[in-house]
Amino acid sequence: MITVNQIGYQTKGKKHATAMGAASYQLFREDGEKILEGSLQPVPDAGSGAEAACIDFSEVTGPGNYYFVDDKGEKSCTFPICDTPYAQAFPDAVRMFYFQRCGMELTEEYAGKYAHKACHLGEAVYLDDPSRKRELSGGWHDAGDFGRYVTAAAVALGHLLYSWQLTPGPHAQELHIPETGNGTPDLLNECRYELDWMLKMQDEDGGVHHKATSRGFVGFIMPEEDPEQVVITPVSSLATADLAAITALAARIYEPYDTAYAESLKRAALSAAEWLKAHPDFLFHNPEEVKTGTYEDLCDADERLWAAAELYLLTKEEEMIGVMRQILEIRVDMTALGWADVGGFAALAVLLADAGVFPEDLSARFRGALVDEAERLLRVASESPFELTLRPFEVRWGSNMVVLTNAMLLAVAHHLTGETRYLDAAGYQVDYIFGRNAMDTSYVTGHGERAFRDPHNRPTVADGIEAPIPGFVSGGPNARPCDEAANPRTLAGAAPLKCYVDNWKSYSTNEITIYWNSPLVFVLAYLTAAGR
Ligand code: 9MR
Ligand code: 9MR
Ligand code: ZN
């Protein structure tokens, strides 16, 4: 079997495929003409459990459609070589957020056959004080469930807004959403929908509530049919620090488009900063009776680090540099870009800022950490026939996100150093997501000949429409699967990267979430800007 990036390769870029259990290959153009052939020296690969080998066909540059055949006669997916392989997938990956919108009707004009009525419009009630209610409509549904969680939201917005800061060019594209044409770029229109909701999660004193969900997960119904009361769980230092960081960042980004809005974001950031100062201790508690996602964390130092970096950019107050230095005295992962560990966002704040804004020693520290991590990723990739940066023991719930945030780090390393090997390796991670993987599956709906089709996503299951909404990223293989469709019994003996089922019942391998799409958006914008 030969696996490829099913949506294609850029004419000028590196073109790699991966063969599993094959001794030789032939590459054909769609019209049947043989273009290339060669023999392979497969090696055992622990991730896929296969004897696998990389095929480099970068020398083929002619635009057109191609496919591989291996020595057993097995044909690969047909894929294009073209100038803009991501031209469709990139806008679809961003439009995913529109489809996650809560609290407004998705009309046929923008949502086509996936249109549905407004959901979750009633008031939400405070769990710690049921006499208090709050209007809380808006924001994005987190995932295949209808919950809205502040730390998850901040991380998705972090990927998207730093992408805007780093490579605004590709984000000039129109997304065909209700705000299109209002003078603000559509990526920022879409992010504002989430930011507006986050602002509603903040109390007068600056503290931010952790989440707003029903008490348990509802069944597989359309969101507007959800009968459950939305409850607001207590304030956490995690949510408050994340909100401080993201509103400070957004204040700077929205300033040229809407000064009044930027001002309100700034006020939210400063008020969250006040709260953080008055509450130096870690605070997080998920009440027993609320069974939805916990987004638990044991340490808020990284969240406070990110907040301090962005607050410094907003106010230039030296005090924030002091806070950063103090936090960096303890061990913080300075490159993590996930919902629990956010130190990598502090790195992006520092490294994408103009030269000289942060003290030289701080910038050098973040740069060193990021480039070291990119080097480590290159070493891991060099040992994998898929050039994958994920090691077998890292194949856990949401593994595709780790692949994509690794690609983000490689992209930023390329930005900082200009070294092409980082850019190439970022591209190989994207190849993996679009089908050059042990499952021979594109993990993005609607993109690729063998794209996954059956995500754990309530509207997709409930709407009765055969094809899933295009542009959604799957969580991907999970070597510790724990749902009724994927579990140690059904997947007994499967290699880590094969612990995956394209089945909506499998939330631990095939759910979708906002923060699995957002790093794809970042990387596709970067590759597009780099001409890949
Ligand atoms: O649908 C839920 C999904 O969004 C969560 O990620 C997952 C784990 O928390 O739980 C899913 O809900 C399942 C619940 O946990 C157990 N009963 C079946 C629910 C739907 O499959
Ligand atoms: O993405 C989260 C993953 O890293 C965790 O292992 C998993 C179990 O705690 O939860 C995932 O987040 C889910 C959240 O709790 C509820 N909404 C759906 C999210 C994606 O599955
Ligand atoms: Zn909703």
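The model is a predicted one, so please read every distance and area below as computed from it. The zinc ion (ligand 3) has a tetrahedral site.

**Ligand 2**

- Around ligand 2 you will find Asp142, Ala143, Asp145, Tyr149, Gly293, Tyr295, Trp339, Trp397, Glu511, Thr513, Tyr515 and Trp516.
- By class, this shell comprises 7 nonpolar, 2 polar and 3 charged residues.
- Asp145 places a polar side-chain atom 2.9 Å from a nitrogen atom of ligand 2.
- The side chain of Tyr515 has an N or O atom 2.6 Å from an oxygen atom of ligand 2, and for the side chain of Glu511 the corresponding distance to an oxygen atom of the ligand is 3.0 Å.
- On its own, ligand 2 would expose 450 Å², and the protein buries 79% of that area.

**Ligand 1**

- The residues surrounding ligand 1 are Asp145, Phe217, Phe220, Trp397, His456, Arg458, Tyr507 and Glu511.
- This shell splits into 4 nonpolar, 1 polar and 3 charged residues.
- His456 brings a polar side-chain atom to 2.6 Å from an oxygen atom of ligand 1.
- Arg458 has a side-chain N or O atom 2.8 Å from an oxygen atom of ligand 1, while a polar side-chain atom of Glu511 lies 2.7 Å from an oxygen atom of this ligand.

- Glu511 makes side-chain approaches to both molecules, at 2.7 Å from an oxygen atom of ligand 1 and at 3.0 Å from an oxygen atom of ligand 2.

**The zinc site**

- Four side-chain atoms coordinate the zinc ion (ligand 3): SG of Cys102, SG of Cys119, ND1 of His120 and NE2 of His141.
- These donors lie at 2.0 to 2.3 Å from the zinc ion.
- The angles among the 4 donor atoms run from 102 to 116 degrees, and the site is tetrahedral.
- Along the chain, the donors of the zinc ion follow the spacing C-x16-C-H-x20-H.

Note on methods
Residues numbered from 1 in each chain as written. Chains lettered and ligands numbered in written order. Predicted model: local features only at pLDDT ≥ 70, side-chain atom pairs only at ≥ 80, totals over all residues. Heavy atoms only, no water. Near = heavy atom within 4 Å. Polar contact = N/O pair within 3.5 Å; in protein donor to acceptor, adjacent residues only side chain to side chain. Areas by Shrake-Rupley, 256 points an atom, 1.4 Å probe, with all protein chains shown as cover. Nonpolar A, V, L, I, M, F, W, Y, C, P; charged D, E, K, R; others polar. Donors = N, O, S within 2.8 Å, 3.2 Å for Na, K, Ca; no water. Tetrahedral: all angles 85-135°; square planar, octahedral: opposite > 155°, others 65-115°.
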